[in-house]
Amino acid sequence: MRFSTLGVCVHTEDVPAVRAFYVDVLGFAVTLDIGWFVSLRHPDHDDLDLCVVHRDHALAGMGGPVAGVVLAFLVEDVHAEHARLVELGVPVDVAPRDEPWGQRRCLVRDPAGTGIELVQATAPDPAWLASVTSAS
């Protein structure tokens, strides 16, 4: 599989506390905060993303609870990767779908149960984007 970025998502019950830890203690900067999801980037490592997501939100939906992290691989074509995984016999938790926040994604797990998210960047839904920016 070819991918351009590997992102790590920390799943938690307390998004503000985890956000504050990474910002205040480790020096990360917030690139996006919509409450249930926060994207962080460290100024010394602008090619790495760290995300914090509330474990009960639909974004976390791996077909069951996730403990710890989800590895997110940014790929060019989620549908092609999904077809390849199915051909290899990899069980798929969530088939490719488009999300209003600007992602096409597919979710699987490694043999240890770690969540693996294959993500393709898409344009955010304008109505969703307007609702998020007006809420801030």
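User: How many of the 7 residues of strand 8 are buried?

Analyst: This is a predicted model, in which local features need pLDDT of at least 70, side-chain atom pairs count only at pLDDT 80 or more, and totals for chains, interfaces and linings use all residues. Residues are numbered from 1 along each chain as its sequence is written, and side-chain values use heavy atoms, with hydrogens and water left out. Strands are DSSP runs of E, at least two residues, and helices are runs of H or I, at least four, numbered from the N terminus. Buried means under 20% relative accessible area, exposed over 50%, partly exposed in between (1.4 Å probe, protein chains only). Strand 8 is largely enclosed by the rest of the structure, because the number of its residues that are buried is 6 of the 7.

User: Which residue in strand 8 is the bridge partner of Arg 104?

Analyst: Two strands pair if DSSP finds at least two bridges between them. Strand 7 (residues 103–109) and strand 8 pair in the antiparallel sense, over 7 bridges. The partner of Arg 104 in strand 8 is Gln 120.

User: How many residues of the lining of the largest pocket are charged?

Analyst: A pocket is an open set of points on a 1 Å grid over the protein atoms alone, where a 1.4 Å probe fits, with protein on both sides within 12 Å along at least five of seven lines; lining residues have an atom within 4 Å of a point. Of the 28 lining residues, those closest to the centre are Phe 37, Ser 39, Cys 51, Gln 103 and Val 119. Ala, Val, Leu, Ile, Met, Phe, Trp, Tyr, Cys and Pro count as nonpolar, Asp, Glu, Lys and Arg as charged, and the others, Gly among them, as polar. The lining has 18 nonpolar and 7 polar residues, and the charged ones number 3.

User: What is the arrangement of the rings of Phe 21 and Tyr 22?

Analyst: Rings of Phe, Tyr and Trp (its six-membered ring) pair if their centres lie within 6.5 Å; planes under 30 degrees apart count as stacked, over 60 as edge-to-face and the rest as tilted. The search of the whole structure finds 5 aromatic pairs. Here the centres are 5.2 Å apart and the planes are at 90 degrees, so the pair of Phe 21 and Tyr 22 is edge-to-face.
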